[in-house]
Amino acid sequence: MIIVARTDPHHPQATALLKQSHTLMQSLFPPEDNFYLDIDDLVAPNIHFYTARMGDDILGTGALMVKADYGEVKSMFVSESARGKGIAAALLRQIEDTARDEGLRMLKLETGNVLKAAHRLYARHGFVECSVFGDYASAKSSIFMEKAL
């Protein structure tokens, strides 16, 4: 059973996954195209940070950053050994539920152009490509997506 819960990103298992995610992004994209949040930034009052676990093992992370007129999906990452088990989908459902609870009408996200599994996940959950938003600049390695709630 997958349990998704709000978690402190400084939890050792959550921190380890976030560091794995950051290392992967640094290996795939140039520094100027890495838009992940540092671990300390994930405790801001406008961020809901979640982990997904099976038993005692945290296997995935995801966050909702609440903006004035939309929510942004951030820090989505699943341990390589747990991929394909529904972890990311469970996290995304929680993020969507939280966005609705916050009264948001739109979710947006930025993801890397080579992260094909992420594109498929987001498309399955109703996200469509959109234009650049917020403080992002257009980048060759970025894809922007949104979903009306």
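How many residues does helix α2 have, and how far does α2 reach from its first C-alpha to its last?

## Basis of the model

This is a predicted model, in which local features need pLDDT of at least 70, side-chain atom pairs count only at pLDDT 80 or more, and totals for chains, interfaces and linings use all residues. Residues are numbered from 1 along each chain as its sequence is written, and side-chain values use heavy atoms, with hydrogens and water left out.

## Helix α2

Helix α2 spans residues 87-101. It has 15 residues and reaches 21 Å from first C-alpha to last, close to the 21 Å expected at 1.5 Å a residue. The expected span is 1.5 Å times one less than the number of residues. Helices here are DSSP runs of H or I with at least four residues; strands are runs of E with at least two; both are numbered from the N terminus.

The buried residues of α2 are I87, A88, A89, A90, L91, L92, I95, E96, T98 and A99. Buried means under 20% relative accessible area, exposed over 50%, and partly exposed in between, with a 1.4 Å probe and protein chains only. Just after α2, G103 takes a positive phi of about 80 degrees.

Helix α3 covers residues 116-124, and its buried residues are A118, H119, L121 and Y122. They cover an arc of only 165 degrees around the axis, which puts them on the same side of α3. The arc is that of the directions from the helix axis to the C-beta atoms. On the other side of α3, A117, R120 and R124 are exposed. What do the buried residues of α3 pack against? Their partners are β4, α2, β5 (106-112) and β7 (142-148).

Just after α3, G126 has a positive phi of about 90 degrees. H125 lies in the loop between α3 and β6 (128-129). H125 counts as buried, at 17% relative accessibility. Leaving aside neighbours within four places in sequence, H125 is in contact (heavy atoms within 4.5 Å) with A89, L92, R93, E96 and K147. One of these, R93, is 32 residues from H125 in sequence and 8.6 Å away in space, C-alpha to C-alpha.

T51 sits in strand β2 (residues 47-54). At 4% relative accessibility, T51 is buried. Not counting residues up to four places away in sequence, T51 touches I3, V4, A5, T7, A14, I58, G60, T61 and L91. The side chains of T51 and T7 are joined by a polar contact of 2.6 Å. A polar contact is a pair of N or O atoms within 3.5 Å; within protein, one must be able to donate a hydrogen and the other to accept it, and residues adjacent in sequence count only if both atoms are side-chain atoms. The C-alpha atoms of T51 and V78 are separated by 9.5 Å, with the two residues 27 apart along the chain.

S75 belongs to strand β4 (residues 71-78). Its relative accessible area is 17%, so S75 is buried. S75 is not a glycine, yet has a positive phi of about 55 degrees. Beyond its neighbours within four places in sequence, S75 contacts L18, L42, T61, G62 and A63.

## Aromatic rings

The whole structure holds six aromatic pairs. The rings of Y122 and F127 have centres 5.7 Å apart and planes at 65 degrees, so this pair is edge-to-face. Rings of Phe, Tyr and Trp (its six-membered ring) pair if their centres lie within 6.5 Å; planes under 30 degrees apart count as stacked, over 60 as edge-to-face and the rest as tilted. Y122 is buried at 6% relative accessibility, and F127 is buried at 3% relative accessible area.

F133 and Y136 also pair edge-to-face, at 5.1 Å centre to centre and 70 degrees between the planes. F133 is buried at 5%, and Y136 at 14%. Ring pairs link F35, Y70, F133, Y136 and F144 into a cluster. At Y70, the charged end of K108 sits over the ring, 5.3 Å from its centre. A charge sits over a ring if NZ of Lys or CZ of Arg is within 6 Å of the ring centre and within 35 degrees of the ring normal.
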